[in-house]
Amino acid sequence: MLPSWYLPFRPWRSGLEFKILASEMPRACGHLAVVRDRDTGRIYPDPVDGRCRIAHTPSLFDRRNALEAVLGMCKMLYVTGAENIWLSKSDVMPFVRERDATNAEEGINDPAFQSWLQSVRSKGMNQPETTWATAHQMGTCRMSSVEKKGVVDPQGKVWGTEGLYVADASVFPSASGVNPMVTNMAIADMISRGVAKGLRVEEGARL
């Protein structure tokens, strides 16, 4: 765990609770429920200084989709023995497993756990109570078969620009909804091999 990354996402309730949570970091493990959003926001230039601004509020559809992912993740944590389950939600208390529980065979059907899940579901993923984050940005330089539908061609070369290539998750046609690491590595390998091959063919070519 990286405390400087993880702790700011914890809902603030008291200084004592925060200190206890910080002391438990060596035994904690963070998880992300990665979902693919259906609805979009917008990117626009700041009217004063021209800097890029992002405006995005998760839609009701996307909030419900994310909720199912969070509930599924909580169930996996429970069956793998998690003693405490914290969510990045200020309106839901953490789940604390009873140390002397005698209903281990019930699994996720444990009444206490089911009651907590129901409280999470009833609260939903509304803002500002829920902390949202974005990870693995993809598709900002979409790969396409024709210029008008994307930024780079199937070899990763920017349409209409010589010597400029993109070789990361930016070229995804859309967000994958899952961790893109392996796909990203494969795309980077393919595009880099194509660039190297082109340099051998074009005598004196430079990047």
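How many helices and strands does the chain have? In this predicted model, the chain has 5 helices and 4 strands. Read from the N terminus, the elements follow the order α-α-β-β-α-β-β-α-α. The radius of gyration is 23 Å, well over the 17 Å that the globule rule gives for 207 residues, so the chain is more spread out than a compact globule. The C-alpha trace spans about 75 × 45 × 30 Å along its principal axes.

Of the 207 residues, 26% count as buried. Charged side chains comprise 25 positive and 23 negative ones. The centres of these two sets lie 4 Å apart.

Strand pairing was examined for S1 and S2. Strand S1 covers residues 42-45, and strand S2 covers residues 52-55. The two strands pair in the antiparallel sense, over 4 bridges. One of the residues involved is Pro45, whose bridge partner in S2 is Cys52. Together, S1 and S2 form a hairpin, with 6 residues between the strands. Gly50 lies in the turn of this hairpin and has a positive phi of about 80°. Most residues other than glycine have a negative phi.

Backbone geometry was also examined at a proline. Gln127 and Pro128 are joined by a cis peptide bond. The omega angle of this bond is about 5°. Most peptide bonds, in general, are trans. Pro128 is located in the loop between helix H4 and helix H5. Helix H4 runs over residues 111-123, and helix H5 over residues 181-201.

Helix H4 also holds Gln114. Is this residue buried, partly exposed or exposed? Gln114 has a relative accessible area of 32%. Buried means under 20% and exposed means over 50%, so Gln114 counts as partly exposed. Setting aside residues up to four places away in sequence, Gln114 touches Ile108 and Asn109. Lys75 is 39 residues from Gln114 along the chain. The C-alpha atoms of Gln114 and Lys75 are separated by 9.6 Å.

Notes: Residues numbered from 1 in each chain as written. Predicted model: local features only at pLDDT ≥ 70, side-chain atom pairs only at ≥ 80, totals over all residues. Heavy atoms only, no water. Rg over C-alpha atoms; globule rule 2.2 N^0.38 Å. Buried < 20%, exposed > 50% of the residue type's maximum accessible area, 1.4 Å probe, protein only. Lys, Arg positive; Asp, Glu negative; His and termini not counted. Charge placed at Lys NZ, Arg CZ, Asp CG, Glu CD. Pairing = 2+ DSSP bridges. Contact = heavy atoms within 4.5 Å.
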